Amino acid sequence: MNNKPSDSRFPEVVVVQASAGTGKTRALAKRYLYLLMSPAFGGNNTCLRNILAITFTNKATVEMKERIIEFLKKIALDAFSSPEEKEDILGIFREKEKPLRIRASGIMDELIKHYNFFQIKTIDSFINTLLLGSALEIERSASFKIRSDYSRYLGYCLDMVIDSAKQDREVLAVLEDFLQYYLFLENRNRWFPKED
């Protein structure tokens with residue numbers, strides 16, 4: 001990831017994929033901070049509404065929000081723990097400190113007023129938001145509930161696929177491909193679906 005992003009690449013989708021403990025959350029938090037504070041994107045609550053970050057876990061969501069707020073506070077108050085940290089955080093911007101401090105302070109105020117616009121979600125919560133927002137279009141009640149007892153439905157779907165595979169060679173081929181890929185990824189030599 002570039003330390004100084006170019007505004008000419010926006011809008012864009014950024015995917016950070018790396019091993020645990022390599023700084024993914026920090027990199028994404030800095031990227032979010034850059035977008036949030038960029039004058040090209042408003043640097044205010046309008047911008048806050050238009051930035052979405054998606055993570056896998058609730059823990060990563062909380063950590064990312066905490067880091068962004070921490071970065072904003074450090075910028076607004078000029079409260080960096082070291083010159084290196086200051087350079088690391090401010091190095092992503094192409095402007096002087098004073099306007100950054102003023103903007104960070106304003107964004108903190110907007111976050112307090114409009115925390116619900118702070119769009120950092122897990123994949124599950126994002127999908128739920130999409131489904132709720134599209135309830136009428138998909139002919140569902142806006143008060144529908146997503147079931148969390150999915151194992152019964154997965155078992156039913158698996159039974160349907162196996163039944164279909166008996167009669168349809170294309171379904172059988174897709175199922176066999178899936179099983180080979182799954183076994184390879186899981187480093188296993190056989191699969192007992194009812195146990196998984």
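The structure holds 10 salt bridges. This is a predicted model, in which local features need pLDDT of at least 70, side-chain atom pairs count only at pLDDT 80 or more, and totals for chains, interfaces and linings use all residues. Residues are numbered from 1 along each chain as its sequence is written, and side-chain values use heavy atoms, without hydrogens and water.

**The chain as a whole**

- The protein chain contains eight helices and two strands; these are DSSP runs numbered from the N terminus, with helices (H or I) of at least four residues and strands (E) of at least two.
- From the N terminus on, the order of the elements is α-α-β-α-α-α-β-α-α-α.
- Of the 196 residues in the protein chain, 29% are buried; buried means under 20% relative accessible area, exposed over 50%, and partly exposed in between (1.4 Å probe, protein chains only).
- The accessible surface of the protein chain is about 13,900 Å², and 55% of this belongs to carbon and sulfur atoms (Shrake-Rupley method with a 1.4 Å probe; for residues, only the protein chains shown count as cover).

**Salt bridges**

- Arg 101 forms a salt bridge with Glu 97, and their closest N and O atoms are 3.2 Å apart.
- Arg 101 and Glu 97 are four residues apart in helix α5, so about one helical turn separates them.
- Salt bridges that share partners join Asp 78, Lys 86, Glu 97 and Arg 101 into one network.

**Helix α3 and Arg 67**

- Arg 67 is found in helix α3, which covers residues 58-77.
- Glu 63 and Arg 67 form a salt bridge with N and O 3.1 Å apart, and both lie in α3, four residues apart, or about one turn of the helix.
- Both partners are partly exposed: Glu 63 has a relative accessibility of 26%, and Arg 67 has 24%.
- Arg 67 touches Thr 25, Arg 26 and Ala 29, leaving aside residues up to four places away in sequence; a contact means heavy atoms within 4.5 Å.
- The buried residues of α3 include Ala 60, Met 64, Ile 68 and Phe 71.
- Among the elements that cover the buried residues of α3 are α1 (24-37) and α5 (97-113).
- Asp 78 follows α3 and has a positive phi, near 50°.

**Aromatic rings**

- The model has three aromatic pairs; rings of Phe, Tyr and Trp (its six-membered ring) pair if their centres lie within 6.5 Å, with planes under 30 degrees apart counted as stacked, over 60 as edge-to-face and the rest as tilted.
- The ring centres of Tyr 115 and Phe 118 are 5.5 Å apart and their planes are at 80°, so this pair is edge-to-face.
- Tyr 115 is partly exposed at 40% relative accessible area, whereas Phe 118 is buried at 3%.
- Ring pairs link Tyr 32, Tyr 115 and Phe 118 into a cluster.

Terms used
A salt bridge is a side-chain nitrogen of Lys or Arg within 4 Å of a carboxyl oxygen of Asp or Glu.
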